[in-house]
Amino acid sequence: MVDISNKEVVLREALAEGFIKLRPETIQLVREGKIEKGDVITIAKTAGILAAKRTPDLLPLCHPIPLEKVEMEVLVEDEGIRVRSKVMAHYKTGVEMEALTSVSVALLTIWDMVKKYEKDERGQYPSTTITDVKVINKIKVS
């Protein structure tokens, strides 16, 4: 791990997002609340929050950060679902990895919940893709 012992504790915030492309039929089922495994949006948000809290367990060189806020946004769009995560903490190092982990796990949760509807006749996923996982903004307030 990187030595952060000389850094000051300040408010840190990161906003990350990503997108999962889904079939139009799957998107309609999500909108109608007809996915067999349950409420995709609520479960994806919950998974994202839990993932942010577990980031140092998943990424070996991440510092355990006392997170103060994880805010998830799941937006159903015409081509798929966009996930955003805003993470905040007063600490010595940033929270962008927690935001990225949060988005990634929320997107994987969506895939897991809708995979039944995304498979083709051979059991493959020809059009389902997770893309554009990125940090939108990172703030350090001194």
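**Working chat: a predicted model**

Me: Is Asp132 buried, exposed or partly exposed?
Reply: Asp132 is partly exposed in this predicted model, and its relative accessible area is 47%. That value falls between the limits of 20% and 50%, which is why the residue is placed in the intermediate class.

Me: Where is Asp132 found, and what about its phi?
Reply: Asp132 is found in strand 4, which covers residues 129-141. Its phi is positive, at about 55°, although Asp132 is not a glycine. As background, most residues other than glycine have a negative phi.

Me: Let us step back. How many helices and strands does the chain come to?
Reply: The secondary structure comes to four helices and four strands. Starting at the N terminus, the elements run β-α-α-α-β-β-α-β.

Me: And the overall dimensions and burial of the chain?
Reply: The C-alpha atoms fill a box of roughly 55 × 25 × 20 Å along the principal axes. Of the 142 residues, 40% count as buried. Among contacts with a separation of 6 or more, 76% are made by residues 24 or more positions apart.

Me: Which domain does UniProt place here?
Reply: An unreviewed UniProt entry places the feature "domain: Molybdopterin cofactor biosynthesis C (MoaC)" at residues 1-139. Over residues 1-139 the chain is 36% helix and 31% strand, and the end C-alpha atoms are separated by 22 Å.

Me: Which residues does the UniProt annotation "binding site" cover?
Reply: The unreviewed entry gives that annotation to Leu61, Cys62, His63, Met97 and Glu98. Although these residues are spread over 38 residues of sequence, they cluster in space, with a largest C-alpha distance of 12.5 Å. The lining of the largest pocket includes Leu61, Cys62, His63, Met97 and Glu98.

Me: Take Met97 and Glu98: buried or partly exposed?
Reply: Met97 counts as partly exposed at 33% relative accessibility, whereas Glu98 counts as buried at 3%. Met97 lies in helix 4, and Glu98 is found in helix 4 as well.

Me: What do they touch?
Reply: Leaving aside neighbours within four places in sequence, Met97 is in contact with Thr55, Leu59 and Cys62. With residues up to four places away likewise not counted, Glu98 touches Ala52, Thr55, His63, Ile65, Leu67 and Val87.

Me: Which residue has the "active site" annotation?
Reply: The unreviewed UniProt entry assigns it to Asp112. Asp112 is found in helix 4 and counts as partly exposed, at 33% relative accessibility.

Me: Now helix 1. Which of its residues are buried?
Reply: Helix 1 covers residues 24-32, and Thr26, Ile27 and Val30 are buried there. Seen down the helix axis, the buried residues fall within an arc of 100°, so they line one face of helix 1.

Me: What covers those buried residues?
Reply: The cover includes helix 2 (40-53), strand 2 (69-76), strand 3 (80-91) and helix 4 (96-118). For Thr26, whose relative accessible area is 0%, the contacts beyond four places in sequence are Ile35, Val114, Tyr117 and Glu118.

Me: Glu118, then: buried or exposed?
Reply: Glu118 counts as buried, at 1% relative accessibility, and its place is in helix 4. Not counting residues up to four places away, Glu118 touches Lys21, Leu22, Arg23, Thr26, Gln124, Tyr125, Pro126, Ser127 and Thr128. Glu118 and Ile65 are 53 residues apart in sequence, and their C-alpha atoms are 36 Å apart.

Me: One last residue. Where is Ala16, and what does it touch?
Reply: Ala16 is in strand 1, residues 10-21, and is buried with a relative accessible area of 0%. Not counting residues up to four places away in sequence, Ala16 touches Val83, Arg84, Ser85, Ala99, Leu100, Val103, Lys134, Val135 and Ile136.

Key:
Residues numbered from 1 in each chain as written. Predicted model: local features only at pLDDT ≥ 70, side-chain atom pairs only at ≥ 80, totals over all residues. Heavy atoms only, no water. UniProt positions renumbered as here; feature names shortened; annotations may be inferred. Helix = DSSP H or I, 4+ residues; strand = E, 2+ residues; numbered from the N terminus. Buried < 20%, exposed > 50% of the residue type's maximum accessible area, 1.4 Å probe, protein only. Arc of directions from axis to C-beta. Contact = heavy atoms within 4.5 Å. 1 Å grid on protein atoms, 1.4 Å probe; cavity = no way out; pocket = protein on both sides within 12 Å on 5 of 7 lines; lining within 4 Å.
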